[in-house]
Amino acid sequence: MTVRPILVFGDPRLEADNQPVDDFGDGLREIIEDLFETGWKAPGLGVAAPQIGVNLRLATVDLSVGRDPEARVVLANPEITHRRGRASLEEGCLSFPGLFTTIERPTAITVRAQNDRGVWREIEADGLLAQAVCHEVDHLDGVLLTHHLRGMKRKLFMRRVEKMRKLGIWQGPA
């Protein structure tokens, strides 16, 4: 298991097309373990494969941040099949370290995804789990926090990104 560097905003791999997972062998399980380790170290609630430079439709979520093995969720080839409710929620992203913004998310979802062995299942999620799953599925679709922002809100967020870069707090392509 390896903690991998997390790509930051501006890296084109974050918005690239992600290929479906079709090989559920040992190589995939290694990537999954790296995703969990990387998320726990950050710390974060989830990590998508594109955030570590692997353009696969694969993400992990662990609301316990490594404290509860039963809380680990693997999402291979996920598809959100049902959304219920709406709420404005504060959200951060490991690819925008130290920055947070408020965006709208469903309050509950149903997601269909494969696990680390390729078995399809449906997961009912609400609250923070629903928010985390939506966030990671966004990454797999090449959607970043900035895509949820409009007008002045987006402009102010981008100013904060540039300020963080100028201060050297985090690095990334301009």
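Me: Why does E124 count as exposed?
Reply: Relative accessible area decides: buried is under 20%, exposed over 50% and partly exposed in between (1.4 Å probe, protein chains only). E124 counts as exposed because its relative accessibility is 54%. This is a predicted model, where local features need pLDDT of at least 70, side-chain atom pairs count only at pLDDT 80 or more, and totals for chains, interfaces and linings use all residues. Residues are numbered from 1 along each chain as its sequence is written, and side-chain values use heavy atoms, leaving out hydrogens and water.

Me: Which residue forms a salt bridge with E124?
Reply: Look for a side-chain nitrogen of Lys or Arg within 4 Å of a carboxyl oxygen of Asp or Glu. Here R84 pairs with E124, with the closest N and O atoms 3.1 Å apart. The pair links distant parts of the chain, from strand β7 to strand β3, 40 residues apart; strands are DSSP runs (E, at least two residues) and helices likewise (H or I, at least four), numbered from the N terminus. R84 is partly exposed, at 31%.

Me: How many salt bridges are there in the whole structure?
Reply: Eleven. Among them, D141 and R57 come to 2.9 Å between N and O. Those two sit in loops 84 residues apart. R57 is buried at 15%, while D141 is partly exposed at 46%. D26 and R29 meet at 3.5 Å, about one turn apart in helix α1. E91, R105 and D138 are linked in a network.
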